[in-house]
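Q: Please take me through this entry one feature at a time, giving the general idea before each case.

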Amino acid sequence: MSRLQTRTLVVAVLLLASISLLVLNQTGQLAGLKGVLLIPLTALQRSVAGAGAGLGRLFAPGGDTAALQARIDALEAENVQLRAENIQLRENTADLQLLTGLLDYERSKPDNRYAAANVIGRDTSPFLGYIMIDLGSDAGLARDMPVVTEQGLVGTIVQTTCCASVVRLVTDADSAVTARLQTSRDEGIALGSFSGGLELQYLSQQADVTPGDIVLTSGLGGAYPEGLVLGTVSAVQRQDYEVLQKAILTPAVDFNRLEIVLIITDFQPVDLSPLINTPAAPAP
Amino acid sequence: MSTYLLGLPLLAVAAVLQATVFSRLHLVGGTVDLVLLLALSWTLIGEWQGGPVWGFIGGLCLDLLSGGPVGASALSLVAVAYLASLTEARFYRSHVLLPLATVLLGTVLYHLVYLTLLAATGHTVSWLASLSQVTLPAVLLNTILMLPVYHALRWAHRLLHPAPVTI
């Protein structure tokens with residue numbers, strides 16, 4: 001057998017192995033193996049992520065510039081916190097104006113429970129919007145749990161292993177979140193886009209939407225809690241001849257600076273699939 | 001044997017670096033594909049069979065650290081490294097243009113195969129935006145970094161396989 005034939009055979013075996021992995025992954029039979037293989041990689045990733053943060057500080061500007069930068073950072077952080085508080089207060093006011101009963105229900109709800117996790121990596125593919133965090137099923141995390149920061153909704157957990165989880169960002173092209181405009185209460189769906197932005201689509205032509213409007217999760221569909229901040233409207237795309245309009249959003253969360261996130265561990269997503277798959281009852 | 005001795009730790013570290021460091025350093029939407037550079041360089045150094053094996057190992061590490069389908073990067077990198085290995089005995093190996101031309105075509109092919117697999121496994125793929133905002137900048141970044149990576153690996157390869165001394 002010539003060298004080229006041997007090489008072709010080896011490559012054929014490798015391609016076959018890759019295709020088998022793809023098929024096993026699609027059928028969900030790879031979770032256990034992936035969890036085992038991820039343990040050493042996650043440990044390595046955690047230490048590299050820590051070292052990377054230290055390296056970033058090493059290259060920070062020195063002297064007065066550093067003090068000024070620290071002051072700016074502190075003020076920016078305070079600004080973000082105040083804006084988040086402001087948004088929350090306005091949301092509460094809107095809730096009060098809508099239905100007292102809903103507010104009573106909201107008061108009666110137990111507070112959310114959170115788990116804090118470090119972001120230890122981003123997706124290795126630039127085509128995908130996922131991050132990896134350092135908590136997994138051992139810490140009680142599970143698929144579909146919402147992930148937030150004080151700025152707003154980050155995404156949702158899509159995979160967990162014992163000690164790490166993969167979070168799909170709301171800006172991923174496959175992400176869709178039912179959303180509501182805070183002021184007008186009009187509803188749409190916030191879709192992620194390839195460029196890492198958010199678009200509020202399926203808004204009716206009559207919807208009152210203007211740049212600067214705040215967009216929150218609506219809770220419809222049961223996949224996310226209601227009232228989490230998604231972003232603000234930066235532009236509106238409306239054509240008179242179209243049935244729907246859409247808005248371009250500026251995400252509330254700065255996804256390039258995610259370091260620590262909170263996972264809402266007591267949120268129970270509603271599984272609507274049995275309702276959707278139930279065949280219609282025959283007419284009497 | 002050096003394919004595994006050097007490859008396994010190096011490719012694992014490269015994949016982790018890609019997830020932690022290089023994913024933050026991007027030009028438009030494109031990032032350096034460090035594992036691709038390593039697999040292509042190892043192939044062009046003369047490890048015609050080891051290159052695709054590096055592609056598989058490195059691709060698997062990338063897939064494990066990604067939310068994408070497991071096997072997609074592995075398959076893409078094996079295919080690209082194999083095509084690069086077909087240059088054996090066709091070109092003068094130490095010509096400076098060979099690694100540069102290989103990484104240019106290799107990056108485009110790697111991204112095309114990967115995007116096809118993403119689309120085939122149900123992910124939303126925006127072809128035009130992907131190719132213009134990610135692939136083109138990645139071609140530029142990979143081409144810039146190819147020669148340092150190639151020469152570093154060639155140096156390591158010489159350490160592992162010293163030329164026999166004839167008296």
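A: Helices here are DSSP runs of H or I with at least four residues, strands are runs of E with at least two, and both are numbered from the N terminus; the expected span of a helix is 1.5 Å times one less than its number of residues. The model is a predicted one, in which local features need pLDDT of at least 70 and side-chain atom pairs count only at pLDDT 80 or more, whereas totals for chains, interfaces and linings use all residues. Residues are numbered from 1 along each chain as its sequence is written, chains are lettered from A and ligands numbered from 1 in the order in which they are written, and side-chain values use heavy atoms, with hydrogens and water left out.

Q: How many residues does helix α5 of chain B have, and what distance does it reach from its first C-alpha to its last?

A: As background, an α-helix has 3.6 residues a turn, so residues three or four places apart point the same way. Helix α5(B), residues 97–120, has 24 residues and reaches 34 Å between its first and last C-alpha, close to the 34 Å expected at 1.5 Å a residue. Just after this helix, G122(B) takes a positive phi of about 95°.

Q: Which residues touch the most other members of the largest nonpolar core?

A: A nonpolar core is a set of buried Ala, Val, Leu, Ile, Met, Phe, Trp, Tyr and Cys residues joined through side-chain atoms within 4.5 Å, where buried means under 20% relative accessible area, exposed means over 50%, and partly exposed lies in between (1.4 Å probe, protein chains only). The largest such core holds 69 residues, and L38(B) and L65(B) are the ones that touch the most other members. Helix α2 of chain B, residues 34–44, gives the most to this core, with nine residues. Another core lies apart from it, with 38 residues that include L249(A), F255(A), L258(A) and I263(A).

Q: Which residues are in contact with L65(B), leaving aside its neighbours within four places in sequence?

A: Contact means heavy atoms within 4.5 Å. On that basis, L65(B) is in contact with residues of chain A, including L38(A), L41(A), R122(A) and M132(A), and with A15(B), V16(B) and A19(B) in chain B, neighbours within four places in sequence being left aside.

Q: How many residues does each chain bring to the contact between chain A and chain B?

A: The size of an interface is often given as the accessible area lost when the parts come together, and buried area is here that loss (1.4 Å probe), summed over both parts. The contact takes 54 residues from chain B and 44 residues from chain A, and the two chains bury about 4000 Å² between them, 69% of it on carbon and sulfur atoms. L64(B), L65(B) and V70(B) supply 16% of the area that chain B buries against chain A, more than any other three residues.

Q: In which sense, parallel or antiparallel, does strand β10 of chain A run beside β11 of chain A?

A: Two strands pair if DSSP finds at least two bridges between them. Strands β10(A) and β11(A) run antiparallel, joined by six bridges, and a hairpin of six residues connects them; V233(A) has L249(A) as its bridge partner in β11(A). Strand β9(A), residues 214–217, is joined to β10(A), residues 229–237, by three bridges, again in an antiparallel arrangement, with I214(A) opposite T232(A). T250(A), which is found in β11(A), residues 244–251, is partly exposed at a relative accessible area of 40%, and, not counting residues up to four places away in sequence, touches L230(A), G231(A), T232(A) and S234(A).

Q: Is strand β5 of chain A mostly covered or mostly open, and how many of its residues are buried?

A: Strand β5(A), residues 165–169, is mostly covered, with four of its five residues buried. Four bridges join β2(A), residues 130–133, to β5(A) in the antiparallel sense, and I131(A) has V167(A) as its partner. Strand β4(A), residues 152–160, also pairs with β5(A) in the antiparallel sense, over five bridges, and a hairpin of four residues joins the two.

Q: How many disulfides are there over all chains?

A: A disulfide is a covalent bond between the sulfur atoms of two cysteines, taken here as a pair of cysteine sulfur atoms within 2.5 Å. By this rule the count is zero. C162(A) is in no disulfide, and its nearest cysteine sulfur, that of C163(A), is 3.1 Å away; C162(A) is partly exposed, with a relative accessible area of 26%.
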